[in-house]
Amino acid sequence: MKKEELSLLEEKCRRVRRLIIKEIGHLGTGHVGGSLSEVEALVLLYNKVMNIDVKNPKMEGRDRFVLSKGHGGPGLYAVLAEKGYIKEEDLYTLNQPNTKLPSHCDMNKTNGIDMTTGSLGQGISCAVGMAMASNIRKDGAYIYAMVGDGECQEGQVWESALAASSFKLNNLIAFVDFNKLQLDGPLTEIIEMSPMDKKWESFGWNVINVNGHSLEEIDSAIEAAKMQHKPTMIVLHTIKGKGVSFIEEMGFKNHSMSLTKEQIEKALEELK
């Protein structure tokens with residue numbers, strides 16, 4: 001990745017994080033931690049990697065993205081707004097009556113959303129089906145998906161993982177947001193998911209570990225994944241609440257949290 005391109009993408013990440021804070025701050029509460037931790041992967045996908053067209057969001061043969069951890073919707077909405085799929089002012093209707101931006105993603109309401117998600121485990125399952133359909137159609141599309149590490153405690157995730165490797169879906173590239181925290185606490189205190197990489201390998205996937213906040217590492221991992229003859233899981237080692245110090249320090253309590261006016265101002269100042 002060229003230095004100029006990296007600099008541009010890093011600036012987009014800062015802008016997206018600011019949008020997330022303002023979006024959730026306007027509502028007063030929301031899924032902050034997991035929205036902030038997913039930013040680099042989403043910014044890279046929508047601004048460098050995926051074959052998409054903002055002016056033709058339903059384009060045949062386009063690459064698709066499924067946010068299986070649907071509660072990260074505010075983060076994806078911010079990326080879509082920055083990209084031009086939705087208006088920035090739409091962000092301030094998050095989870096309000098008659099909004100086009102519900103708390104969890106809904107493909108029937110939001111331009112640019114490829115799959116409705118929220119019930120954990122179902123998004124990755126849909127992504128497997130979409131990858132199979134793309135192969136049948138021979139349209140050359142890649143299907144990208146992101147699961148949460150707590151979501152990986154769902155049995156349905158592993159049913160879909162087994163199907164993907166069995167059908168050799170090399171057009172399926174997924175990410176796990178491995179921040180090691182979930183709604184009620186650290187994974188180690190609920191259901192331990194380490195070693196995450198070995199679990200996916202045992203289900204027949206190619207697995208790549210990366211710093212989930214390094215655009216260059218994620219980009220290289222995606223390029224390597226496209227050389228495989230099987231599905232790839234890119235394990236993103238991330239920090240929940242990345243980018244705002246006091247939110248990071250809250251640990252699992254930032255999964256869904258309130259933001260005061262003072263906290264919003266402080267967060268935006270850090271993200272300049």
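Q: Is Glu88 buried, exposed or partly exposed, and what's its relative accessibility?
A: Glu88 counts as partly exposed, at 26% relative accessibility. Keep in mind that this is a predicted model.

Q: Which side chain meets Glu88 at 2.9 Å, N to O?
A: That is Arg15, and the two meet in a salt bridge. Arg15 lies in helix α1 (residues 3-27), while Glu88 lies in the loop between α4 (73-83) and α5 (122-137), so the pair ties together parts that are 73 residues apart in sequence.

Q: And how accessible is Arg15?
A: Arg15 has a relative accessible area of 35%, which is partly exposed.

Q: What about Lys22, which partner does it have in a salt bridge?
A: Lys22 pairs with Glu88, with the closest N and O atoms 3.9 Å apart. Lys22 lies in helix α1, so this pair links parts that are 66 residues apart in sequence. Lys22 is partly exposed, at 28% relative accessibility.

Q: New topic. Which residue forms a salt bridge with Lys69?
A: Asp177 does, and the closest N and O atoms are 2.8 Å apart. Lys69 lies in the loop between β2 (64-67) and α4, and Asp177 in strand β4 (residues 172-178), so the pair ties together parts that are 108 residues apart in sequence.

Q: Is Lys69 buried or exposed?
A: Lys69 is buried, with a relative accessible area of 2%. Asp177 is buried too, at 1%.

Q: Back to shared partners. Which residues do those salt bridges join into one network?
A: Arg15, Lys22 and Glu88.

Q: How many salt bridges does the structure hold?
A: There are 13.

Definitions and conventions:
Residues numbered from 1 in each chain as written. Predicted model: local features only at pLDDT ≥ 70, side-chain atom pairs only at ≥ 80, totals over all residues. Heavy atoms only, no water. Salt bridge = Lys/Arg side-chain N within 4 Å of Asp/Glu carboxyl O. Helix = DSSP H or I, 4+ residues; strand = E, 2+ residues; numbered from the N terminus. Buried < 20%, exposed > 50% of the residue type's maximum accessible area, 1.4 Å probe, protein only.
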